[in-house]
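Colleague: I have not looked at this one before. Can you put it up and take me through it?
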Amino acid sequence: MTSLGGLLRRVLRTLLLGQSQIVLHSRVPCLQDRLDGIEELGLYLHIPFCRQICLYCPYNKELYRPGVASEYVRAVKREIDSYSPLLGQTPITSFYIGGGTPTTMLHSGLGEILEHVFRTFNIQCGIHMESHPNDLSQENLDVITSLGVEHLSLGVEALQDRHLRTLGRPYSAAQAREAVERATAAGFECVNADMIFALPGQTLNEVEQTGRELVELGVDQVAAYPLFTFPYTQLGRGSQADRSNNTGVLRRRKMLRVLERIFYAAGYERTSVWAFTRPGVAKYCSVTVPLYLGLGASAGSYLRDVFYLNTFQVSEYIQSLKQGRIPIALSLELSEPMQMAGWLYWRIYETRFKKSDFGKRFGRPFDAIYGRYFRPLSWLGLLSDDGDEVVLSPEGAYWLHVLEDLFSLQYVGQLWGVSQREPWPERVAL
Ligand SMILES: C[S@@+](CC[C@H](N)C(=O)[O-])C[C@H]1O[C@@H](n2cnc3c(N)ncnc32)[C@H](O)[C@@H]1O
Ligand code: SF4
C-alpha cells in the first residue's frame with residue numbers, strides 16, 4: 001500500500017523531474033569523460049571507524065580495529081592513485097574529512113593518507129574535519145592542526161548527562177564542555193559544535209541551556225539537528241515499535257525557534273537550515289563546491305551529470321582496490337531536471353540563493369522552470385524575492401526543509417539501508 005508520503009514523493013518526482021522513479025544501477029561510469037573540462041573540484045574523504053556505535057547513527061561506520069585501519073590506509077592510497085592520471089592538476093578547492101570518526105585514525109594513518117593526497121592532487125584549500133569530543137586532548141589537537149585542519153567540528157550533541165546517557169555518548173556534559181574549551185582555544189578558523197534536539201523527553205529549557213552554553217563557550221558555529229530516526233538504525237527500529245518518544249513536527253519547530261532566538265541575539269547568522277555562524281567566520285560545512293570526488297568506503301562523488309557511490313563494506317572496499325578494481329557500487333545518470341532539482345535542494349538548504357546563478361549554471365531563467373512553485377511561497381511569506389536574490393524566512397526555511405526531508409531522509413534511508421546490507425547491489429529504486 002502506498003503511504004501519503006510515498007504518494008506525495010511520486011507526484012513531486014513526476015512534476016519536478018519528469019520521472020516517477022529514480023533508479024541507481026551497478027554500472028561503473030567512464031570517469032575520464034566525466035572529469036574532462038571540470039575547472040575545480042571538491043574532495044571528500046570518508047573514515048568509517050568509530051570507538052563505539054551510537055544507536056541513532058545513520059552513517060557508514062564500524063568499530064575501529066587497528067589492523068583494518070592500516071589496510072584501509074593502503075586502499076585509500078590506491079584509490080587516490082587511480083584518480084591521479086584523470087585529475088592531473090585540476091584545482092581542489094574544498095576538502096572535507098567525515099565519517100564515522102576521522103579522529104580514530106589520528107595516530108594510525110590519517111597523516112599518511114593526507115600526505116598522499118597533498119602529494120598527488122593540486123590542493124588549494126584548508127581542511128574541514130569532524131571529530132569526537134573524547135579524541136580532543138591537547139596533544140591530539142596539536143596533531144590535528146599540524147595536519148592542516150583549519151575548520152574543526154565536534155559532536156557535542158547535548159550538555160545534560162541524562163541525554164548523553166540516552167544517546168549512549170561515552171562522556172559527561174562536563175567533559176564535553178572541556179573538549180569545546182580546548183578546541184576553541186586551539187586557533188582554528190572555525191570551530192563547529194553539533195547538537196541534537198528533540199531528544200526523547202527533552203524540555204525546551206534543556207534545548208535552551210545547550211544552545212546558550214555553546215555560545216558562552218565561544219564556538220564559531222552551532223549545527224543543531226533534530227533527532228532523525230532512520231529505519232535501519234537501532235533507534236529507528238525501536239521508535240517504529242514505540243512511537244511515544246517521537247517528537248512531533250510542531251514541537252521541533254518550537255525548539256528550533258528557541259535556538260534561533262539565542263543565536264540571533266548573540267549575533268550569529270543563519271548559514272543553513274540547521275547551522276548558525278558568527279559573522280565574519282568562514283562557515284564549517286561539507287564540500288563547498290558543486291562538483292566533488294569521494295574517497296573511501298561509502299563515499300559519494302558528483303560529477304555534473306553523474307552521481308556514484310563506493311561500496312559501503314570496508315572489507316569489500318579494501319579487497320577490490322587490492323585487486324585493482326574500482327570500488328564503485330552504484331551510479332545514477334543525472335538528467336537536466338535532476339541536476340536542477342539537486343542545485344535547488346542545496347540552495348534551499350543554505351536558505352538563500354541568486355536566480356542569476358541558476359541562469360549561469362543551466363543557461364535558463366530560474367522563473368521559467370520554478371517560478372510557478374516559488375511565487376505562491378513568496379505570497380505566503382515563506383520567502384522574499386527581490387527579483388534576483390531569494391531569501392527564505394525562518395518559517396520558509398523550516399517548512400521547505402520539512403518537505404525536502406520527506407524526500408532526502410527517505411532516499412538516504414533507502415539507499416544507505418540497502419548499501420549497508422549488500423556490498424554490491426544490482427539496482428536501488430527510490
Ligand atoms: C559523523 S558524526 C560527528 C563526528 C563523530 N562521529 C561524533 O559522533 O562525535 C556527525 C553528526 O551528525 C549528527 N547526527 C548523527 N546521527 C544523527 C541523527 N540520527 N539525527 C540527527 N543528527 C544526527 C550528530 O550531530 C553528529 O555529530
Ligand atoms: S554518531 Fe559519530 S561516533 Fe556515533 S556511531 Fe555515528 S559516526 Fe560514530
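Colleague: Which strands each supply at least two residues of the shell around ligand 1?
Modeller: Strand S7 (127-131), strand S8 (149-157), strand S9 (190-197) and strand S10 (221-226) do. Keep in mind that this is a predicted model.
Colleague: Of the residues around ligand 1, which come nearest?
Modeller: The shell has 18 residues, and Thr101, Glu157, Arg169, Asp194 and Phe228 come nearest.
Colleague: And how many of the shell residues are nonpolar, polar and charged?
Modeller: Around ligand 1 there are 8 nonpolar, 6 polar and 4 charged residues.
Colleague: What lies 2.5 Å from an oxygen atom of ligand 1?
Modeller: That is a polar side-chain atom of glutamate 157.
Colleague: How much of the accessible area of ligand 1 does the protein cover?
Modeller: On its own, ligand 1 has 560 Å² of accessible area, and the protein covers 94% of that.
Colleague: Switching to ligand 2. Which residues surround ligand 2?
Modeller: Cys50, Gln52, Ile53, Cys54, Tyr56, Cys57, Lys61, Gly100, Thr101, His132 and Arg169. By class, that shell has 5 nonpolar, 4 polar and 2 charged residues.
Colleague: Now the whole chain. How many helices and strands are there?
Modeller: The protein chain has 15 helices and 20 strands. Its C-alpha atoms fill a box of roughly 55 × 50 × 45 Å along the principal axes.
Colleague: What does the radius of gyration agree with?
Modeller: It agrees with a compact globule: for 430 residues such a globule would have a radius of gyration near 22 Å, and the protein chain has 21 Å.
Colleague: What share of the residues is buried?
Modeller: Buried residues are 54% of the 430. As for the surface, the chain exposes about 18,800 Å², with carbon and sulfur atoms supplying 52% of that area.
Colleague: And what share of the contacts with a separation of 6 or more links residues 24 or more positions apart?
Modeller: In the protein chain, 73% of them.
Colleague: How far apart are glycine 42 and proline 337?
Modeller: They are 295 residues apart in sequence, and 23 Å apart in space from C-alpha to C-alpha.

Terms used. Residues are numbered from 1 along each chain as its sequence is written. Chains are lettered from A and ligands numbered from 1 in the order in which they are written. This is a predicted model: local features need pLDDT of at least 70, side-chain atom pairs count only at pLDDT 80 or more; totals for chains, interfaces and linings use all residues. Side-chain values use heavy atoms; hydrogens and water are left out. A residue is near a molecule or strand if one of its heavy atoms lies within 4 Å of it. A polar contact is a pair of N or O atoms within 3.5 Å; within protein, one must be able to donate a hydrogen and the other to accept it, and residues adjacent in sequence count only if both atoms are side-chain atoms. Accessible areas come from the Shrake-Rupley method with a 1.4 Å probe; for residues, only the protein chains shown count as cover. Helices (H or I, at least four residues) and strands (E, at least two) are DSSP runs, numbered from the N terminus. Ala, Val, Leu, Ile, Met, Phe, Trp, Tyr, Cys and Pro count as nonpolar, Asp, Glu, Lys and Arg as charged, and the others, Gly among them, as polar. The radius of gyration is taken over C-alpha atoms; the globule rule is 2.2 Å times the number of residues to the power 0.38. Buried means under 20% relative accessible area, exposed over 50%, partly exposed in between (1.4 Å probe, protein chains only). Contact means heavy atoms within 4.5 Å.
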